[in-house]
Amino acid sequence: MADLTTLESLLEMGFDRNRAERAVANTGNQGIEQAMDWLMEHENDTDIDEPFKPPVLAAPDDDQAGTQDASLGGTAGVASGEGTQVGDDDDKKAMTEEEKQQQVKRLEELMRLKQAERRERERAEELEKEKQRRKTGQELQQIRNKLQDDDMKKLAELRQREKMEDKMARQRVIEKIARDREERAQKFGGGGTSSTSTSSVQPSPVSPTGQGPPPTKREYDESRIQVRLLDGSTLTAVFKAQEPLAAVHVYVQVNGNTPEGQEFTLLSPYPRHVYTDLDMEKPLKELGLVPSAVLVVTKK
């Protein structure tokens with residue numbers, strides 16, 4: 001009677017017979033609530049609508065069969081007495097159809113409550129999954145930000161190292177130029193003094209000696225160079241006449257306000273002459289920039 005009651009209740013609620021029988025069998029006929037729970041949990045199973053085959057019970061052995069027969073024999077009277085009770089139950093069912101409908105309504109209400117609980121549980125699970133997804137996304141974003149920060153730090157260190165190496169290279173050039181100046185000063189210092197002494201005792205230009213033109217630029221061992229920068233400002237420095245034009249170029253590069261990495265060259269405005277890389281190796285004296293000259297910085 002219990003099986004029939006659970007099964008009929010499920011059928012009255014509109015469940016398919018195949019599903020209802022499967023639910024009753026899989027819950028061990030523990031009640032209508034367990035059967036409804038099973039149906040809601042397995043409603044999306046791929047085999048839920050396959051024909052249900054009740055499990056086959058193993059045949060009892062001889063000893064068990066004897067025991068069952070004895071048990072059945074002992075309860076025969078009780079069974080015969082139950083027949084009357086079953087009949088009474090059938091009469092009662094026929095008389096209480098309204099109660100049967102009320103019971104079905106109660107079960108349907110219970111079904112709706114369980115479905116609402118299930119939806120709430122699924123909503124809570126979805127919210128938890130969304131929280132976990134956002135947490136994972138934040139952790140991934142933090143990892144990406146850290147990697148970007150590390151890359152930026154490495155790039156900044158690389159640029160700083162390149163700037164330092166460039167600065168050291170410029171310093172080496174400046175030191176080499178200074179050493180060259182000292183060496184030339186030591187080498188040509190006496191000659192320069194003699195030339196100066198000679199020029200000081202030479203007769204004045206008004207003397208009618210007829211010995212040719214006055215002293216030329218070769219008598220000067222220094223040159224005063226004024227450099228006009230890109231922004232219009234000027235730099236002025238004194239160089240040895242034998243120093244190459246590259247010394248002036250480096251001086252402007254170090255002391256001027258030329259943007260870092262900006263390639264530039266020098267030119268003479270009157271007469272206009274743009275100095276090439278080959279000119280950079282020539283002495284100022286050879287380029288006609290002694291005893292003074294004005295140079296202009298121009299973009300290369």
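This is a predicted model: local features need pLDDT of at least 70, side-chain atom pairs count only at pLDDT 80 or more; totals for chains, interfaces and linings use all residues.
Mentor: Local features need pLDDT of at least 70, side-chain atom pairs count only at pLDDT 80 or more, and totals for chains, interfaces and linings use all residues. Residues are numbered from 1 along each chain as its sequence is written, and side-chain values use heavy atoms, with hydrogens and water left out.

Trainee: Which residue in E5 stands opposite threonine 265?

Mentor: Strands (E, at least two residues) are DSSP runs, numbered from the N terminus, and two of them pair if DSSP finds at least two bridges between them. Here threonine 298 in E5 faces threonine 265.

Trainee: How many bridges join E3 to strand E4?

Mentor: There are 3 bridges between E3 and E4 (residues 272-274), again in an antiparallel arrangement. Leucine 267 is opposite valine 274 of E4, and a hairpin of 2 residues links E3 to E4.

Trainee: Which residues have the most contacts inside the largest nonpolar core?

Mentor: A nonpolar core is a set of buried Ala, Val, Leu, Ile, Met, Phe, Trp, Tyr and Cys residues joined through side-chain atoms within 4.5 Å. The largest one has 24 residues, and those with the most contacts inside it are Ile225, Val227, Leu245, Val248, Leu266, Leu289 and Leu295.

Methods:
Buried means under 20% relative accessible area, exposed over 50%, partly exposed in between (1.4 Å probe, protein chains only). Helices (H or I, at least four residues) and strands (E, at least two) are DSSP runs, numbered from the N terminus.
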